Amino acid sequence: MSRSDWFDGRDGADGPDEGAGRPEGPRPGRLRRRGPLLPTLLVLIALAVLGGIAADVLTDVWWYQSVGYSGVFVTELLSKAGIFVVAALVTGGAVAVSLAVAYRTRPLYVPVTPAQQVLEQYRQAIEPLRRLAIIVVPVVLGLLAGSGSMGSWRTFLLWANRQPFGTKDPQFGLDVGFFVFTLPWLRFVVSFVTVVLVLAFIAGAFTHYVYGGLQLPGRGPSTRAAYVHLGVLGALIALTRAASYWLDRYSLSTQKGSLLTGITYTDANAVLPTKAILAVAAVMCAAFFLAAIWNRSWRLPIIGVGLLVVTAIVAGAIYPALIQSLKVGPSARSLEATYIQRNIAATNSAFGLDRVERIQNTVPEQAPSQASLRADAESIPGVRVIDPNVVAPTFRQLEGERDFYAFPDTLDVDRYTIDGKVNDAVVAVREMNLAGLPDGQRNWLNDHTVYTHGYGFYAAYGNQRTPEGDPVFFEGGGRNSLGDYEPRVYFGELSPQYSVVGAPTGSQPKEYDRPGSTEGSSVKNTYTGGGGVPIGSTFRRLAYAVKYREANFLLSDAVNGQSRLLDHRTPKERVERVAPWLQLDGNVYPAVVGGRLQWIVDGFTTSSAYPNSRLVDLADATTDSVAQRSAVVQVRSGEANYVRNAVKATVDAYDGSVKLYGWDTADPILKAWEQAFPGSVRDISEISGDLMSHIRYPQDLVKIQRDLLNEYHVTRADDFFTGNDRWRVPRDPSVSTQDIPVVFQSIALPGEDRASFSITSPFVPASNTEGGREILRGLLAVDADAGSSAGKPAPNFGKLRLVEYSSNQAPSGPGQVVNQIKNSNVRSQNPAEQLGLAQYITNNSSGGKQLDYGNLLTFPLQGRTFYVQPIYVQASEGSGSFPQNKITVAVYGTNVAWGDTLEQAITGLFGESQGGDGGQTPDQPTPETTVAQQLAAAIAEIQTAYTDGQEALSKSDFAAYGEAQKRLSAAIAKADALAAQLGTTVATPGATPSPSPSPSATASSG
C-alpha cells in the first residue's frame, strides 16, 4: 500500500513541520528566576523518604541475618521485585507503545468539521504537555500495575514449585495440584494481560480520536492505521476473554453456592457448556476485530461485542437459571446427590475429617450401681478444676510481685511429669508490662534499656486447689520442680516494641531482672544471649534512629559497642516473618524444653482452591468466647477449603531463635514452600523427645473441624441435603453470643481402656430459634498427646473420635446442664454450708461479689454424661480482686451435687466410696476434707443427742434427758470449734439434720 493510503496524507508521520497549519502560541517573556527554597525542600523531602526506605530495608536485612533466615528475605524480595519490574515494564511499555504508534500514525491533514475544530483546541492544549505525557502516563500506570501485582508473589512461587496431590478431580480428571497451584496463577496472568490490553486500547483510541485518526460513526472515515492498531488490540482483548471463560470452567470447582462449594448439577449440565460456548464466541469476536482491518468498518466488531454480551446474558445467566428452577429445583434431592457426595468426600479429605472414628454411645439396659459410677468417676485422671480462661487475675495477684509484671489474660494448658506422674498443668510466663510503671518512671531509658524483659515460668496443677480455692503452684516463685532452665523472657507475647541490651564485660548491670530477697530490693542483669541485632557501629545506630524516629540511639551512653537491639519480639510476629507463607494458630503457648523457655507455635498451610471442598470463613470458625475477649488469642481471617497443620515452630524466649519443623510431611503445599525456601524448614526427625512431649493439637484446627462437623458428620448425600440432623456448637453459658471454647482435658471415650490428653468440644442440634432443644448429640475428642519419642509423633496423635448420641437417648446438653445448676436447691456436701445451690449462686452474684463459671467439662460415663462445673467467686470491685474456685458442681443425668471440692460433689452424686472417705483427692489437700468430715460427724452427734433428749423428755426420764443434754453440749462445743476452722457457724439443735444424699443426689437409672 502507498504511504498516503496508510496515513491519509502526503507527508511522513512527522511531516515537514509538526506545527504546520497550526497557530504558534505566544513566546513566553523572560522567566522570573525562582528562589532556592522550594527545590531545597523538595530535595530534603526526597532524601528523607529515601533514607526511611533505606533504613527499613537495611534493618530488615540485619534482622533476617540475626535469625538465620536471610534466604527467606532474599527470595521474597526478589520475587516481589521481579513481579514488580515485569508488570511495570509490560504495562508501561504497552501503554507507551500504544500512545507512540497512535501519535506517529496520526493523519497530517484533518478535514475541517465542527467536531474537528473542537478537537483542534484540545490538540493545542495537549501539545505543550505531549512529550511529558507520553512518558509520565506509562510510568505512572506501570508503577501502579507493578505495585498491585507484587501481592501475587506467593501465587507465583507456588506455581513455580507446584507439586502433585496424587488425587484427581472427579469432573475434569485433573490432579488437584492443577487447581491449587496452576489455576490461580493462570487466572492472575489472564486478568493482568486483560488490564494491560484494555489500558493500551484506551490510550491508543484516545490518541487516535484526539488527532483525527479515529472518527465516530457518521463523521467520516477512520485511518487504516487506527483500524490496524485498535483492531489488533481489540482482538487480543477478546482472546483474553476467551481464555477467561475457559478458565471459568475450572473455577466452578471452588465456587461457593447456597447448597455446597463446587460443581452442582446445573454447573455440570448448563454452566460448563455455556462457558465453552462463550469462549468460542469470544474467539469469533476477535476475528471480527481483525476483519475490521480489511473492510475498514467498526460494524463487525460492534456486532461481535454485542452478540458476546447477549450470549453471556442468555446462555451464561438465563439458561442456567431456567435449568435450576425448572429442572433441578423440583428434583434437587436426586439430581444433586452425585455432586453432594463429591463435596462430602472432598471436604473430608481437605480438612482431615476422613480420619474421624465414629463411636456410637450405648445406654446399658441395666442401671449401673452407685459404686461402679463412683469408681469410674474417680478414675478420670486430672479433672481440671483450674480454668486457664478464668484464673489469669489470680496468677497476677498471687505471683505478680510488681505492677510492671503481667500474665496474659488467657493462660495455657500443658503436661509435665512431676515425681514420675504426668500432670495436666495450667501454665504462663510472667512478662514485662511497661504500662504498670508509674508515669514518673516512664522515659526512653527505662522503657528501652532498663525494663527489658520478664522473668519466670509459672505452672499450677490443673486438678488441685488450696483450701481457699487458689491454684496449687509447682513451678515459679521460688518453687522448682522442672530442673534448671533460663527463666528470662526477652521475647514474649507482651514484650516491649524494642529494647537495647548488652554491655561491655565487667560493666555494672542495668537491666531490671527480678525482685530481690529483701523488701524493695532488686536484682540487675546484663543480657549475654546472641539474640537481636548488634548496633555497636555508628552507622547501625543511625539506621535504627531513622527507623524508630529516635535520636537517643545516637545520643545516649546506654547504647554502647556491645549493645544489641531486640525488636519484632512476639513469637507470632517472628514466625510470620521467617515463614510468610504460613497461617498461624491464634494461641501460642510456652514450655520448658531442654533447659530453655520455648514458645510453641502451630503453623498451617491453607488454600481456597481445593476442588469441591467447602469454603470456610476462618474468622467465623475460629471465634469463640475466649477469642472474643482475649488480647493474646487471635482470630484467623480469610477463607479456606484446605488446611493442614504443616509446621510446628518454636521461638526461644531468651535469644529469640526461630525453628520451623515440618510436621505434615505429606502435604504438597508444604513441599512446594520447602522447594521455594530451601533450608528454612527442618525435618521432623530433629524434634527432641522433650519438645515432642509438649506438642499438642492446634486449637484453631479443631475449631475449624468442629464447625464443619456441624453438617459433615453425615456421610450420605441424602442426609446432607435434607439437613434434618444438623448440629451446632453450643453457646458459652457465660457469653451467650459466642460459641463454647474447646477444652484440653484427659478423657476416655466409650470403648477406650485408658484416658488420653485430648481437646474436646460438644455438639447440640441446630435450631432456628433460641428456644431450641439443647440435648447432646455429639462429643468430639481429638488426641492431643504427641508422645515423647524424638522425631516420631505418637501413632494416635491427631486421631478424631466422635461420640454420637441418638436423639431418643441423648443426655442433657451444656445449656440444659447450666440451667439445672442455676435452679437446683440441693444442699452442699460441705455440712457447714447452709444454702442451696441456687441461693448460693444468687448470693455470690451480687452484694459486692462476682460469680464466674469455669469450663463445663464433659465426660462420657456408662452410657450417660458426667459434667463437672467449677465455679469461681471474687469481689466485684477493687484492684486486688481475683477469682477463687470456691465450689465445684457435678451433674449426672438429672442429678446435681456440689461441694467445696470435686470429691464432695462426686460423693453427693454417687455416695461414699467403698474405702469410707474416698481417700485423699487431687483437687483438695487432706486437712480441709478432714475438718469438714469431723464437722459432719459432730453435727450428727448433735442431732442424735437432741433426738435422744427429746425422746427421754417425752418419757419423763429425766436422768436420760440430763445425760443427753451433756452429750449435746459437748457435741455443740466440738462443732463450734471445727466450724471456726472453716470460717462458718453451726446451727443449734432444732436446726437441720446432718446432710445426707438427697433424692436428687442419687443417680437415676433412666
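Predicted model: local features only at pLDDT ≥ 70, side-chain atom pairs only at ≥ 80, totals over all residues.
Four strands form an open sheet in the order E3-E4-E7-E8, and their pairing is antiparallel. Strand E3 (412-418) and strand E8 (471-475) stand at the edges. Each has a single partner strand, so one side of each is left without a neighbour in the sheet. From one strand to the next, the twist averages 45 degrees.

Seven bridges join E3 to strand E4 (residues 421-429) in the antiparallel sense. Arginine 415 has aspartate 424, in E4, as its bridge partner. A helix also packs on this sheet: H13 (residues 392-399) touches E4, strand E7 (457-465) and E8. The direction of H13 makes about 65 degrees with that of E8.

**Aromatic pairs**

The model holds 51 aromatic pairs. A pair of aromatic rings is described by the distance of the centres and the angle of the planes. Two of the pairs are set out here.

| Pair | Centre distance | Plane angle | Class |
|---|---|---|---|
| Tryptophan 444 and phenylalanine 553 | 5.8 Å | 75 degrees | edge-to-face |
| Tyrosine 840 and tryptophan 898 | 5.3 Å | 50 degrees | tilted |

Planes over 60 degrees apart count as edge-to-face, so the 75 degrees between tryptophan 444 and phenylalanine 553 puts that pair in this class. Tryptophan 444 belongs to helix H14 (residues 444-450), and phenylalanine 553 to helix H16 (residues 552-555). The pair therefore ties together parts that are 109 residues apart in sequence.

Tyrosine 840 lies in helix H25 (residues 837-843), whereas tryptophan 898 lies in strand E33 (residues 895-899). These parts are 58 residues apart in sequence, and the pair ties them together. Both tyrosine 840 and tryptophan 898 are buried.

**Charges over rings**

Which residue lies over the face of tryptophan 63? Arginine 577 does, at 4.5 Å from the ring centre. Arginine 696 has its charged end over the ring of tyrosine 589, at 3.9 Å from the centre of that ring.

Notes. Residues numbered from 1 in each chain as written. Heavy atoms only, no water. Pairing = 2+ DSSP bridges. Helix = DSSP H or I, 4+ residues; strand = E, 2+ residues; numbered from the N terminus. Axes fitted to C-alpha atoms, helices over the stretch in contact; angles between N-to-C directions. Contact = heavy atoms within 4.5 Å. Phe/Tyr/Trp six-rings, centres within 6.5 Å; stacked < 30°, edge-to-face > 60°. Buried < 20%, exposed > 50% of the residue type's maximum accessible area, 1.4 Å probe, protein only. Lys NZ or Arg CZ within 6 Å of the ring centre and 35° of its normal.
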